Amino acid sequence: SCYREAQLFVEKFEGALGKGKGKKFYAYKVMMTKKWMKFQRDFENFKTACIPWEMKIKEIESHFGSSVASYFIFLRWMYGINMILFGLTFGLVMVPEALMGKPYGSLPRKTVPRAEEATAMNFATLWDFSGFAQYSVLFYGYYNNQRTIGWLKFRMPLSYFLVGVGTIGYSFMIVIRTMARNANEEGGGDDTSFNFSWKMFTSWDYLIGNPETADNKFASITTSFKEAIVEEQESRKEENIHLTRFLRVLANFLALCTLAGSGYLIFFVVRRSQKFALEGLENYGWWERNEVNMVMSLLGMFCPTLFDVISSLENYHPRIALRWQLGRIFALFLGNLYTFIIALMDEINLKARYLLPFIIFNMQLGKDEDFQQLEEEKIVKYNMTIWEASLYNGTIPENSTAPPIQVDPADVPRGPCWETMVGQEFVRLTVSDTMTTYITILIGDFLRAVFVRFFNYCWCWDLEYGFPSYSEFDISGNVLGLIFNQGMIWMGSFYAPCLPAINVFRLHTSMYLQCWAVMCCNVPQERVFKASRSNNFYMAMLLFILFLSTLPAVYTIVSIPPSFDCGPFSGKTRMFEVISETLEHDFPSWFGKVFGYASNPGLILPFILLMVLSIYYLNATSKSYKEANLELKKKLQSVRNR
């Protein structure tokens with residue numbers, strides 16, 4: 001065996017041991033191997049540098065811990081999702097309509113009414129997404145109901161419907177896939193054996209040559225020690241169980257009171273807004289017109305701070321406290337969002353802006369003032385018929401071959417377009433929420449930090465360690481703000497195709513603004529903790545809000561008739577009829593029959609039941625595998641310790 005090992009050694013290093021060409025070839029091979037290794041290392045660094053904002057997130061993680069970094073990783077992931085949604089809506093809906101559809105001014109739905117032309121380009125009107133912004137590709141009502149447009153015969157109604165459904169389906173798929181990948185990466189648990197020894201002797205990277213990178217690595221190791229110390233302290237902590245239970249019950253009671261007060265305030269404001277709508281919004285100022293949006297934004301700004309104060313009574317582990325905080329803010333935002341949706345549905349049913357004279361007339365006759373949409377559209381259609389008759393001196397010509405009267409589209413009366421109204425409300429809410437977030441960062445973080453920094457030397461007490469001190473980064477509020485903003489995008493993009501583009505801009509600017517604010521204006525938390533499984537917890541909440549966001553959109557697609565004179569589905573009793581229309585005109589008859597059989601509830605319900613049983617089986621199997629892995633890990637540790 002010694003002879004064989006010596007022979008292998010000679011064969012391996014024959015060039016170095018010999019002379020002449022063999023030695024030169026060996027030196028060349030060694031040089032190329034080193035260069036190849038260096039190239040691989042540089043290429044890995046290049047790939048890391050190509051990941052958007054990777055170095056910024058690493059720098060934040062080194063100073064503020066993995067919990068704060070998990071928020072920015074989540075924000076970057078959300079940015080990627082919205083880029084895909086923006087590509088779908090922009091490439092398959094907005095661009096085809098702008099290039100191949102009928103131009104502005106050709107139809108009443110594509111023209112600003114004559115009464116609004118004077119103010120259509122005012123900044124206040126455009127900021128409110130009315131005027132020319134309302135009658136553009138930004139909103140649902142601008143799109144025509146022609147089956148095909150342009151020389152490509154592009155099927156716009158079908159594309160609009162499939163893009164709306166496809167964005168929801170893609171979002172479900174990518175969220176579930178990401179949750180599964182995170183679960184696989186987490187494995188069977190953390191190995192905390194000899195944790196401090198491993199961190200002490202194996203944390204440093206000896207290939208670091210950049211002083212700035214070395215400083216970040218030093219800060220990262222220090223932060224990881226703080227996280228490990230907090231975990232060890234929490235595992236050994238002893239507490240008065242009765243006092244702790246009392247304080248936690250008190251904290252939950254205060255949180256419920258806050259949620260109830262928030263719900264009542266929104267209910268009160270929504271009732272006021274409906275009253276303003278009945279009396280005419282043009283008679284009120286800016287605050288009355290935007291009261292619902294502003295109150296929701298202010299509640300989202302101040303209630304998380306109040307919940308943070310309440311959570312100090314509970315004395316939970318920082319990770320558990322974060323989840324309780326997220327749950328409370330989740331309940332707050334969810335109540336706000338669904339109250340907002342109910343208000344929109346109520347406003348759609350009232351249609352007070354268009355039908356106030358008819359409501360007053362029917363109230364005088366003793367009739368119910370809540371009209372159904374079909375009856376309202378009949379009234380509008382009747383008024384349009386009277387208007388058309390007035391063009392012919394009070395009579396409608398019986399001869400259909402008579403030349404039509406040319407009327408400017410701006411003068412043609414039009415019915416209510418509730419889809420555009422819903423889209424406008426979601427866009428306004430998104431913009432107001434974005435502005436509130438930016439103002440909060442500038443005032444609550446930047447100006448506060450400037451005040452503490454420059455007035456600390458001439459104040460009566462230490463401003464840095466007393467009140468107001470430097471602010472900490474609010475993980476729970478920012479995460480829930482991202483999630484519910486994305487819920488509004490999913491819910492409103494069917495009525496406002498511009499929403500994904502607005503959200504991409506918001507997320508892009510938020511990444512830079514919040515990274516700057518964290519590094520310049522915030523200080524690390526007093527108890528830095530490890531963000532174990534935080535990303536999957538964020539994904540679970542995102543999946544839940546995605547499910548809740550699809551319910552109103554599905555309800556309107558299936559149950560509410562579309563507006564009769566605006567949007568790609570005008571003229572149909574339900575929006576989904578565009579599918580049956582396409583199957584009837586563009587596919588063979590047998591394909592339509594197969595699709596009809598496949599969409600039968602008698603087949604769909606058993607298929608859904610089979611999917612639920614399969615998911616339950618796979619979940620139970622994965623849990624058993626995880627338990628087996630943990631048991632095997634314990635056995636290996638016991639064998640190692642013998």
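**Cysteines and rings**

Author: Start with the link of Cys417 and Cys566: with 95° about the S-S bond, it is right-handed. The model is predicted, so local features need pLDDT of at least 70 and side-chain atom pairs 80 or more, while totals for chains, interfaces and linings use all residues. Residues are numbered from 1 along each chain as its sequence is written, and side-chain values use heavy atoms, with hydrogens and water left out.

Reader: What does the disulfide join?

Author: A disulfide is a pair of cysteine sulfur atoms within 2.5 Å. Here Cys417 is joined to Cys566, S to S 2.1 Å. A search of the whole structure finds one disulfide.

Reader: Which parts does the pair tie together?

Author: Helices are DSSP runs (H or I, at least four residues), numbered from the N terminus. Cys417 lies in the loop between α15 (373-391) and α16 (418-455), and Cys566 in the loop between α19 (534-559) and α20 (577-586), so the pair ties together parts that are 149 residues apart in sequence.

Reader: Is Cys417 buried or exposed?

Author: Buried means under 20% relative accessible area, exposed over 50%, and partly exposed in between (1.4 Å probe, protein chains only). Cys417 is buried, and Cys566 is too. Cys50 is partly exposed, at 48%.

Reader: How many aromatic pairs does a search of the whole structure find?

Author: Rings of Phe, Tyr and Trp (its six-membered ring) pair if their centres lie within 6.5 Å; planes under 30 degrees apart count as stacked, over 60 as edge-to-face and the rest as tilted. The search finds 25 aromatic pairs. One of them is Tyr142 with Tyr143, edge-to-face, at 6.4 Å centre to centre and 90° between the planes. Tyr142 and Tyr143 are both buried.

Reader: How are Phe451 and Phe455 arranged?

Author: Their ring centres are 4.9 Å apart and their planes are at 25°, so the pair is stacked. Phe451 and Phe455 are four residues apart in helix α16, separated by about one helical turn. Phe451 is partly exposed, at 28%. Phe455 is also partly exposed, at 38%.

Reader: Which charged end sits over the ring of Phe454?

Author: A charge sits over a ring if NZ of Lys or CZ of Arg is within 6 Å of the ring centre and within 35 degrees of the ring normal. For Phe454 it is Arg453, 5.7 Å from the ring centre. Lys110 lies over the face of Tyr142, at 3.8 Å from the ring centre.

Key
Helices (H or I, at least four residues) and strands (E, at least two) are DSSP runs, numbered from the N terminus.
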